[in-house]
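Have the viewer open as you read.

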Amino acid sequence: MTDRFANGDPGNDTGGLSGDRLATGFDPAHKGFYQGGDLKGLIGRLDYVKNLGSTAIWITPAFANRPVQGTGENVSAGYHGYWITDFTRIDPHLGTNADMKKLVREAHKRGMKVFFDIITNHTADVIDYAEKTYSYRSKGAYPYVDASGTPFDDREYAGGKAFPKVTADSFPYTPVAPKKAKTPSWLNDPTMYHNRGDSTFSGENSEYGDFFGLDDLWTERPEVVEGMTDIYKTWVRETGIDGFRIDTAKHVNMEFWERFSPALRGYAAKLGNERFFMFGEVYSSEPSFTSRYSTRGGMNATLDFPFQEAARSFSGGTAGAARLAALYAGDDHHTDADSNASSLPTFLGNHDMGRIGRFLAQDNPGAPDAELLRRDLLAHELMYLTRGQPVVYYGDEQGFTGPAQGSGGDQDARQSMFASKTASYLSNDLIGTDATHAQDNFTPSHPLYRGISALAKLRDAHPALADGAQIERLAAGGVYAFSRIDARAQVEYVVAVNNAERAATVQVPTFSPGMAFTRVYGPASTAPDAAASGADAKLAVTVPALSAVVYRASARLATPAAAPAVSIALPGAEIRGTVEDGRIPVTATVPGTGFDQVTFAARIGDGRWRVLGTDDAPSTAGGSRTFRVFHDLKGVPAGTKVAYKAVVKDSAGRFASAAAEAVVGAEPEPAEPGAVRRDWLVVHYQRADYDGWGLHVWGDVENPTDWAKPLPLTGQDAYGRFAWIKLKPGAREVGIIAHRGDEKDGGDRIVDPARTGEVWLAEGSPVTHASRAAAQGYATVHYSRPGKDYDGWGLHLWGDGLADGAATEWAAPRPPDGTDSSGVFWKVPLKNASVPVNLIVHKGDAKDPGPDQSFTPAAQPEAHIASGVAKVHATRAEAENVAILHYHRPDGNYDGWGLHLWGGRGGPPSGPRRWRPPGGTASASSSASPSPRGRRT
């Protein structure tokens, strides 16, 4: 953060403005105002940054900002750079355009790159609404209208060159804007903005709403795409900048990125910078979501928020190695033809969420400084030794933390490196030092500065630790171990990290039996200098408490005894992604234990073969190694044949391939803009007894309850009782308390019906689960054979969602846990219901039906497998080819009621018939009727 790093020119502290802080924005005693840092100060400290081991600098937005925004207690200055009014010049508080050019030149002289933090989502808050109200107005209730008054959906024009003509009357709010507040001039046209009110950061308004009141650009308009592209092309041309960090990327529509990203990267390449790097801020812990902005949106990468969350938990001791294993299991989502997870900028904290030092103190209350220092170093070791590009937030290398109270984020995480006059900063405790914020903190002897510098030098000396493949070896308790290997050098490194407060000795699998290894990182006092793998290729490694070790093999990999082989699998004969994500998984299985790389390619129709990506870090479970990429089918017409090929290359340069093909299914229909997605919320509740228990509900519901009259749990299923809650249109927040009288179970809960239409609660637990499988901690696999002969048949299991110890070896399958009317079943323990469970039903080497099968428990808590049928069915009805129809009557009286059926059935009788229900639940009756093969009901 440039304003908080170094003050090289006190003459620009007020930005050339006169008056008090509300006019100039300058007040070094207040954490929410400019404090004096500038570009000249940063230039003067470049050697400090370089000596830390940094190869690049990313600076917060430096363009001219509105000096002050807000009123009363909420007033603050634009020192952070995110309230831009002039995209063509540097903010005078920070310097001049010439200063920025000099910064880039001086950094390049030292072998460092410079990245601008840029914004395309919004500008400063300048536009007002004539209505003087600002809550979000949805597209469904308030559609855009063109100049003639005809409603239209702007998404139909996003990414194109045409757009309907609009006026100030085309919006849900009437925009009122000054004429010359922003530069370039096109930004002063209020019709270039969404004008829908404030965002709540979910659903439709996440992209259409104003970000805390900031004017949200109408990025679906081609004029906005072209205008923003021109702005940033100019900075690339004028400064020689090396890349962009893109703010609030997830709040901009994907079609914008599909045009903006390639335009900027292509322009930089024409100017001679073919390695121009763009990475977006996509604040989410889900790789399946963050990855879309690189694989589809054209960026090189996204900031690795999933890593930050996992690294904080691991280094703070609140999660074990399994948390890291779950993180890296999602890396395949980032793989495409020109990038993968190795491109991701990894980080431990930032200017919004807070600092890693503060997180560690929060997770370990009362911990002494020595422990916090060791945990801080462990967090950085994890970041520097795993895949990705480490990002150090300024001040972390000096032990900056934050206040003892509060979240420690936003203004509390923006301390100055130079002597501070801000009272709230002066009270902070720094890790690893007796220094305070009352003095400059550019101390190369600080243990964190020295530790980070040593890690950077280690990566320089051993490039495999920076760019090599990362193969998971072990995730047990607090120890996570993995191999790093460069495909060309083929020398294996074994890395292990330990978050326990005592040393741990583990047996780590490697590629080579009888290989000598030398320690290249880790404390010599507890980690031996040399070790050797055994005949089983396992290396005994002792990892000190709260530390990491790295061992390097003494020789290249040996040639594998067997040539490579590969098989390929698709999700089905018909393939298609979802509305939100058009990608499908393409997987390959490779036998053996060597270092292999699998490259995937696809051919759409009669077109050319195109590489989808290369995976060199397989998932391994139960003796199977699975490689994977994702293919985006968005825009491919239904009925198109797609051919896939997987080519494996082993460490000796030998190849093998496999092919498969499928037909593209129908494109899923997106929901209408602003449409109400759910009318009801279903709340499931499991407990030993239900007498007197009900739900107190409030919020976006049609019928809030009185405390004395809770909503009864009238429904019942295999999990327990449940209740229906009628929602208001557009419901986003529903409050729930399970209670009996004044006795509460689990406390207050808030549910967003836009995210899920069902939730599961359990007696004694405060957790609100989004799936039945997550709530019960297991998934059930049912298996039926026509002859009912189940002797010797078992279940082979693998996958990252399984609970520890649930994966099986091929020679020891899991025996059935019981029998029911359909056959046998297994209750499969889970630790992450959102991750697919892979399985094979087998007896010795006989498989039924044959190919690997999988299902995701969060989507279906039960899997029904019929002998000889490859599909995994979600229900017994589907597996047995019947339709089960449920009928609910509020009065619970079903006497005399039956079902009249006609047409579409697969069995007798031939004419209409009144079917009687064979059974029911506390809430409904059900009937089973044969279905014709191939039909869905």
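The notes below take the helix first, then the crossing, then the loop.

## Ground rules

This is a predicted model, where local features need pLDDT of at least 70 and side-chain atom pairs count only at pLDDT 80 or more, while totals for chains, interfaces and linings use all residues. Residues are numbered from 1 along each chain as its sequence is written, and side-chain values use heavy atoms, with hydrogens and water left out.

## Helix 10

Helices here are DSSP runs (H or I, at least four residues), strands likewise (E, at least two), numbered from the N terminus. Helix 10 is mostly covered, with 10 of its 12 residues buried (under 20% relative accessible area, 1.4 Å probe, protein chains only). Among the buried ones are Phe305, Pro306 and Gln308. The buried residues pack against several elements, including helix 8 (287-290), strand 14 (345-347) and helix 13; contact means heavy atoms within 4.5 Å.

## Crossing helix 13

The axes of helix 10 (residues 305-316) and helix 13 (residues 369-385) come within 9 Å and cross at roughly 140°. Axes are lines fitted to C-alpha atoms, for helices over the stretch in contact, and angles run from 0 to 180 degrees between N-to-C directions. On the helix 10 side, Phe307, Ala311, Phe314, Ser315 and Gly316 make the contact; helix 13 supplies Arg375, Leu378, Ala379, Leu382 and Met383.

## Ser765

Ser765 sits in the loop between strand 40 (758-762) and helix 17 (772-776). Its relative accessibility is 18%, so Ser765 counts as buried. Leaving aside neighbours within four places in sequence, Ser765 is in contact with Asp745, Gly746 and Arg749.

Definitions and conventions: Buried < 20%, exposed > 50% of the residue type's maximum accessible area, 1.4 Å probe, protein only.
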